[in-house]
Amino acid sequence: PGGGLGGVAKLVGTHYEVISTIYRLLGAQVGRRVYWPGSGLEIVEFDLLKVGDDVVFGSRSVLITSSSQAAKPITLENGCMVADRCVLLPGTVLRKGCVLGSGSLAAEDFDGPPGSVWVGSHGGHAVNVSPEDLSYTVRDTATPFGRAFYGPRGQASYPVIPLWAIVLYSSLWQAFCTCYRNCPTALSLMLCKQLQQLDPFDPHTPLQLFQVTLLAFVPLHLLLCLSALCVDVAGKWLLLGRRKQGAYPWDQSPYCQLWQCYLTLQEIRRGERHATGILDMLHGSQYLVWYFRALGGKIGRNVCLYPNGGDPVMTEPDLVSIGDFCGIDDASLIAHINTRGIFRLNPLFVGRGCVLKSGTRLLSGASMEAHSIMCEHTLVMAGENVDQGSVWQGWPTRSQVSLEEHRRAVRLQLDRVTHSRLLTDYSEVDEEAGAVQGAASSKRAGALGPDQATEKTALLSKGRAASYRSS
């Protein structure tokens, strides 16, 4: 069924107990108070998945339980966390309180000790950033999310929307959005029908009917797209206002609940397209900059955003500051972090002339100084600062060089490639010339004696070699 469970997850709420029930029906062993990811999990063999109580999942993670050699279960004990973009291979076991941070690769038969923290990968193995902590073996694993939604009433400091109400408004809104997205087609066909009824004795050709339908569809589609973006922007300011830095636990602040309502509201602009919906048509344009500015983003002049798309794009633009002349490709600028169920918001800063290449991520609270570069597949950890004029590479970062050294290395590599291609081209030309001259020499060999023909061929070869060395 895929991560979205065939579209059912959007109808029942992506984080809640209904998802746990569906996973159990598919064969997985699932505990209580599990926080499921908004994008769902990518897994095929559900009956080889064991999830304990109070486990927290991030988005876009992949769980692989079978290899070419064997099928092994993946086990996540109580209080574990699997962050965004993780890959878990067969036989992975995360002990109580273990955390796989952003982009972690759990190798086959990986055993994460209790309370340890791992991030990214190097040499096919996750990188340990915090050692084993045995105190987690006796700690209570209940998360703020679990206490707010599944604990006794009154544990949260605000009225919590019950699960039946979440299912109701999610389903009704999805139904409305489906009708809304098909309005341009239906209205243009109705207009075409009305045109036919104006003069029933004047038959219209199929081409004329198509032209009328197309002329009606284009402005209607544009109008509804603009209306959807207006609903998106207005809903953000009405539900959330301007975001501020700080901690927002589920059981102490209504922010997370309101944010989930806003994400449901955003379905009006997502539709059945890719993750960003209408924004797919605006990637790399000034219109996308205007959209994020309307949501509160501080974005400078001549900034190019997501020319090759983004999944996800900025989720908290009012906490992101981007200087002039920046280029941001398929990069992740996410100002929130949900470590072990504690939800926090921290600002992100991208200085003037910075570049974030495809597959990069600037974690919540990180920053980039002017004219710095994040190369492909690079993670800058929370609180880190990319120095001015430097180039960082690695997930997590392992290579940090100055911009001048990076340019020198790129020029050297380009020179090597160019030189290699020139050698190849000259070799091919030399072979072709040799073949042509060899054929001509063989024709003249009948007129020349054997010794004269051999001497002629040697002189030609010597001349080609001299010409090649000169080139």
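**Notebook: strands, backbone and a pocket**

I looked up V56 and found that its bridge partner in strand 6 is M81. Strands here are DSSP runs of E with at least two residues, and helices are runs of H or I with at least four residues, both numbered from the N terminus. The model is predicted, so I note that local features need pLDDT of at least 70 and side-chain atom pairs count only at pLDDT 80 or more, while totals for chains, interfaces and linings use all residues. Residues are numbered from 1 along each chain as its sequence is written, and side-chain values use heavy atoms, with hydrogens and water left out.

**Sheet.** I followed strand 3 to strand 6 (residues 81-82) and found two bridges joining them, with the strands running parallel. Two strands pair if DSSP finds at least two bridges between them. I then read the order of the open sheet of five strands as 3-6-9-12-13, with mixed pairing. Strand 3 and strand 13 (125-130) are its edge strands, each pairing on one side only.

**Backbone.** I checked D54 in the loop between strand 2 (49-51) and strand 3 (56-57). Its phi is near 60 degrees, a positive value in a residue other than glycine. Is D54 buried or exposed? D54 counts as buried because its relative accessibility is 1%; buried means under 20% relative accessible area, exposed over 50%, and partly exposed in between, with a 1.4 Å probe and protein chains only.

I looked next at H371, which also is not a glycine and has a positive phi of about 60 degrees. H371 sits in the loop between strand 25 (367-368) and strand 26 (373-374). With a relative accessible area of 38%, H371 is partly exposed.

I noted a cis peptide bond from W395 to P396, with omega near 0 degrees. I placed P396 in the loop between strand 29 (390-393) and strand 30 (399-402).

I looked up the second largest pocket and noted a volume of about 290 Å³. A pocket is an open set of points, on a 1 Å grid over the protein atoms alone, where a 1.4 Å probe fits, with protein on both sides within 12 Å along at least five of seven lines; lining residues have an atom within 4 Å of a point. The volume is the space filled by probe spheres set on the points, which are joined across faces, edges and corners.

I found 19 residues lining this pocket, with A148, F149, G151, R153 and V160 nearest its centre. Helix 3 (144-150) and helix 4 (163-181) are the elements that give two or more residues to the lining. Helix 3 gives the most, with four residues.
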